[in-house]
Amino acid sequence: MLSTSGHTPSELQQSIDAKLQPRSQALPDTVVEMRSANEEQHRAVSLNAVGLLEGSDPVLKSETVLLTAHYDHLGVQNGRVYRGANDNASGTVAVMELARMFAQSPARPKRSLLFVVFGSEEEIMLGSFYYTAHPLRPLAGTRAVVNLDMIARDEAHIPQSEGAIEIPADTSNLIELVGTYYSPDLLAVIEREDRAIGLRLDHILERDHILNTLFRCDHLPFLEAGIPAMWLFGGFHPGYHEPSDTVESLNFPKMEKVIKLAYGTALAIANAPAGPRFGPAARAAR
Ligand SMILES: [Zn+2]
């Protein structure tokens, strides 16, 4: 492949070693073809689980607000159990609790609520991408998505975030919003609802280009479909995707606040005259 470079591979290597600089150059009349194949692959069935609470308004009940979380994690690897207490038992419990709260409330929301727990989020969000490809409720009438993932730990640096983002000293009452950049209307609703809850809503990870947080959770397929969607996220922390993600480390008071905030936000959207708008036009109109 390097025959047209005028140098042998060892010459190039020595040059790189001597100067500790890249030794890039164009290779004339050279075409490179690369093929890759997975060394290992297996097929498995993955399920999304859903529950519908039909809205009370004869017209608006055809529209839907989604409350979502993923329930899968990393399983057992090399004999080590990955419990995933924060990622994402916390969000799964939250969606189940939200379903219970809404079902028990005598005042039923006008729009319908769909509670969804996705499988295979840890496999590049296959569950949520499957949902938007095969929606149970029309995407055109899906007004908003409130996604809960890792809501019960306090954000702190992991090796990949050191130097990339600034994290406040006290994150015990902090929750990151990811995705609201694409719907200022949705942001306005959650900010209004938070006045009664008092969480610190932050945007450190909204547009970070190092951790690429926007692309790492189940709100993403909905944003790609043009639906206002946000991820309520307690932030990364030591123990992320490690066996040490266990129940003892959860911040339950924070988790309770996040669930109440998700409840108020979903309720407000479900009863509002119009749903939040999506996209640049909505940004300009604010
Ligand atoms: Zn997760």
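Buried means under 20% relative accessible area, exposed means over 50%, and partly exposed lies in between, with a 1.4 Å probe and protein chains only. By that rule, Arg100 counts as partly exposed because its relative accessibility is 39%.

This is a predicted model: local features need pLDDT of at least 70, side-chain atom pairs count only at pLDDT 80 or more, and totals for chains, interfaces and linings use all residues. Residues are numbered from 1 along each chain as its sequence is written, and side-chain values use heavy atoms, leaving out hydrogens and water.

**Overall build**

- The protein chain has seven helices and nine strands. These are DSSP runs, numbered from the N terminus: helices are H or I with at least four residues, strands are E with at least two.
- The C-alpha trace spans about 80 × 40 × 40 Å along its principal axes.
- Of the 286 residues in the protein chain, 46% count as buried.

**Zinc site**

- The zinc ion is coordinated by His70 (NE2), Asp87 (OD), Asp149 (OD) and Asp149 (OD), at 2.0 to 2.5 Å.
- Donors are N, O and S atoms within 2.8 Å of the metal (3.2 Å for Na, K and Ca); water is not among the atoms, so sites may look incomplete.
- The site of the zinc ion is irregular, with angles of 52 to 145 degrees among its four donor atoms.
- For four donors, tetrahedral requires all angles between 85 and 135 degrees. Four count as square planar, and six as octahedral, if opposite donors are over 155 degrees apart and all others between 65 and 115; anything else is irregular.
- Along the chain, the donors of the zinc ion follow the spacing H-x16-D-x61-D.
- Asp87 and Asp149 link distant parts of the chain, 62 residues apart. Asp87 sits in helix H2 (residues 85–104), and Asp149 in the loop between strand S6 (142–148) and strand S7 (174–178).
- Asp87 and Asp149 are both buried.

- Strand S2 (residues 64–70) is mostly covered, with seven of its seven residues buried.
- Both faces of S2 are covered. Thr64, Leu66, Thr68 and His70 are buried on one side, and Val65, Leu67 and Ala69 on the other.
- S2 and strand S5 (residues 112–118) run parallel and are joined by seven bridges. Two strands pair if DSSP finds at least two bridges between them.
- S2 also pairs with S6 in the parallel sense, over five bridges.
- Leu66 has Leu114 as its bridge partner in S5, and Leu66 stands opposite Val145 in S6.

**Salt bridges**

- A salt bridge is a side-chain nitrogen of Lys or Arg within 4 Å of a carboxyl oxygen of Asp or Glu. By this rule the count comes to eight salt bridges.
- Glu33 forms a salt bridge with Arg35, and their closest N and O atoms are 2.8 Å apart. Glu33 counts as exposed because its relative accessibility is 61%. Arg35 counts as exposed because its relative accessibility is 76%.
- Glu97 forms a salt bridge with Arg100, with the closest N and O atoms 2.7 Å apart. Both lie in helix H2, three residues apart, about one turn of the helix. Glu97 is partly exposed because its relative accessible area is 26%.
- Lys260 forms a salt bridge with Glu256, with the closest N and O atoms 3.0 Å apart. Both lie in helix H6 (residues 252–271), four residues apart, about one turn of the helix. Lys260 is partly exposed, with a relative accessible area of 42%. Glu256 counts as partly exposed at 45% relative accessibility.

**Surface patch**

- Met1, Val32 and Met34 form a nonpolar patch on the surface, with about 410 Å² of accessible area together.
- Patches are made of residues with over 30% relative accessible area and no salt bridge; like charges are joined within 9 Å, nonpolar side chains (Val, Leu, Ile, Met, Phe, Trp, Tyr) within 5 Å.
- Met34 lies in the loop between helix H1 (9–19) and strand S1 (49–53). Met34 counts as exposed because its relative accessibility is 77%.

**Arg192**

- Arg192 is found in helix H4 (residues 184–194). Arg192 is partly exposed, with a relative accessible area of 43%.
- The C-alpha atoms of Arg192 and Leu261 are separated by 9.9 Å, and the two residues are 69 residues apart along the chain.

Notes
Areas by Shrake-Rupley, 256 points an atom, 1.4 Å probe, with all protein chains shown as cover.
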